[in-house]
Amino acid sequence: MRALLAASCAALAVAALAVAPNAFAADAITAQYRTSASGATTDQAEPWFKLVNSGTTSVPLSDVKIRYYFKSDTPDVGYRFACSWAVRGCGNVTGQFGTLTGGPADRYLEVGFTSGAGTLNPGADSGDLQLRFYRTNWGPITQTDDYSFRGESTYSAWNRVTVHRGGTLLWGTPPGGSPPTTTTTTTTAPNPNGPKLFDDFAYTSSSDSRISQRGWTVRSGGGGPGVPGAEWDASRVTFPTVDGQKVMRLDSWNNGSAAKQTEMLHQRKFFEGTYASRVKFSDAPIFGPDGDHVVQTFFTITPLDAPMAPNYGEIDFEYLPNGGWGEPANVMYETTWETYQNEPWVADNIHNEQRQSYNGWHDLVFQVANGRVKYYIDGNLVADHGDKYYPETPMSINFNLWFISGGLQGSSAERAYQQEVDYVYFAKDQVLSPAQVRTAVQDYRTAGVTHTDNV
């Protein structure tokens, strides 16, 4: 038996055969592969995997690693990994990069699992692992020289992807060359005790010194979006008590031509985690004629450095009570942006919409994690975006109320719309359900906390 085992191991080392040593013959896992990005070049590689247990033993997925081998692109600025979707949960999938020398590949993506991914039983498969990676500068990736690449859109066994358990090769033929020399993790594990922002908007007025001390800006002056020439009027951002609770109130006005709009925004330091706010939308003006195309919002944004800049990001809840942008009546948009340019207008985004009234108070939550942006309204999932639209850089948190250019109805009578915000909450590197957010906010209020920020 020892001689047979030694012979098997020697054959593996010399020929890099797609078999495991006899001592581990009961552990047999096949890697099936497909891709959703089959072009010779792409802005992000998308290797998708499915592991099949064809052996006789159950294998904890936390013991298993998958390696996808490729050739680095010039200049080598590094790579980032993301999980778009996984049957076992993206939160249970990890990704890191390693280097090789002397063979047809000099890099590899190593995919692993946490204990939460469970066990792969005999005859079972892992379900889809829809993964992707991209260069940190979002430069093009050439796939035709990548050892593990195959432009197939349906799953089948592929021995240029390897599967390992511990130090044992269970499947596939590595590309040769030297053993790995470095491994750099590019994902951050969730931190259940991580930093948080909570603000109950217990301020006296827009000139309260605590607002700027806490990282907020009440916008003033000119600039878009909105009616050309509109003024952002800080005095119209107020903090009344409504039903016994302090709120931030945005009060935007127009007379058919001139307009005063409102916005309050936090500094740019928020990225992955859970964002939440309780917002009161209004379908009708508080006085004056109805019908203007008005936008009431809760969103995050990274400024656009240049037209079509790849590091731009924006995640929007936008409610249009009177329609606009081609919609005839009230509509809620959830929009996740890759980038855009103003002239000529080019928008690279993905959106969902609900054509119904959202007049009144609503709980808004969006989660930014594991390559996906998920939007919830009143506890219900309404949008799930990812792929290239996933943000790459820190963003600011914003609320604004503005009028769409060309969307003012004909009357010259004065009118004003209001939007109120009960609180804002952010938990860094945590994926919290809407129910967990409500509990966290109630805990702050029970403890008498009106503001905290250690993000």
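## Met 264 and the nonpolar cores

In this predicted model, Met 264 is in contact, once its neighbours within four places in sequence are left aside, with Phe 201, Ile 211, Trp 216, Thr 217, Val 218, Val 237, Phe 239, Met 248, Ile 397, Asn 398 and Phe 399. Met 264 also belongs to the largest nonpolar core, which has 44 residues, and is listed there among those with the most contacts inside the core, together with Phe 201, Met 248, Tyr 275, Phe 298, Ile 397 and Phe 399.

Another core, of 34 residues, lies apart from this one, and its members include Phe 49, Tyr 79, Val 93 and Leu 170.

## The largest pocket

The largest pocket has a volume of about 910 Å³. It is lined by 31 residues, of which Pro 225, Glu 314, Glu 318, Trp 337 and Trp 402 are the closest to its centre. Two or more lining residues come from each of β23 (259-266), β25 (294-302), β26 (313-320), β27 (331-341), β28 (346-354) and β32 (396-403). Sorted by class, the lining comprises 14 nonpolar, 11 polar and six charged residues.

## A five-stranded open sheet

Five strands form an open sheet in the order β6-β10-β3-β1-β12, and their pairing is antiparallel. Because β6 (79-86) and β12 (156-157) stand at the edges with a single partner strand each, one side of each is left without a neighbour in the sheet.

Within this sheet, strand β1 (residues 29-35) pairs with strand β3 (residues 47-53) in the antiparallel sense over seven bridges, and Arg 34 has Trp 48, in β3, as its bridge partner.

Terms used. Residues numbered from 1 in each chain as written. Predicted model: local features only at pLDDT ≥ 70, side-chain atom pairs only at ≥ 80, totals over all residues. Heavy atoms only, no water. 1 Å grid on protein atoms, 1.4 Å probe; cavity = no way out; pocket = protein on both sides within 12 Å on 5 of 7 lines; lining within 4 Å. Points joined across faces, edges and corners; volume = space filled by probe spheres on them. Helix = DSSP H or I, 4+ residues; strand = E, 2+ residues; numbered from the N terminus. Nonpolar A, V, L, I, M, F, W, Y, C, P; charged D, E, K, R; others polar. Pairing = 2+ DSSP bridges. Core = buried A, V, L, I, M, F, W, Y, C linked by side-chain atoms within 4.5 Å. Buried < 20%, exposed > 50% of the residue type's maximum accessible area, 1.4 Å probe, protein only. Contact = heavy atoms within 4.5 Å.
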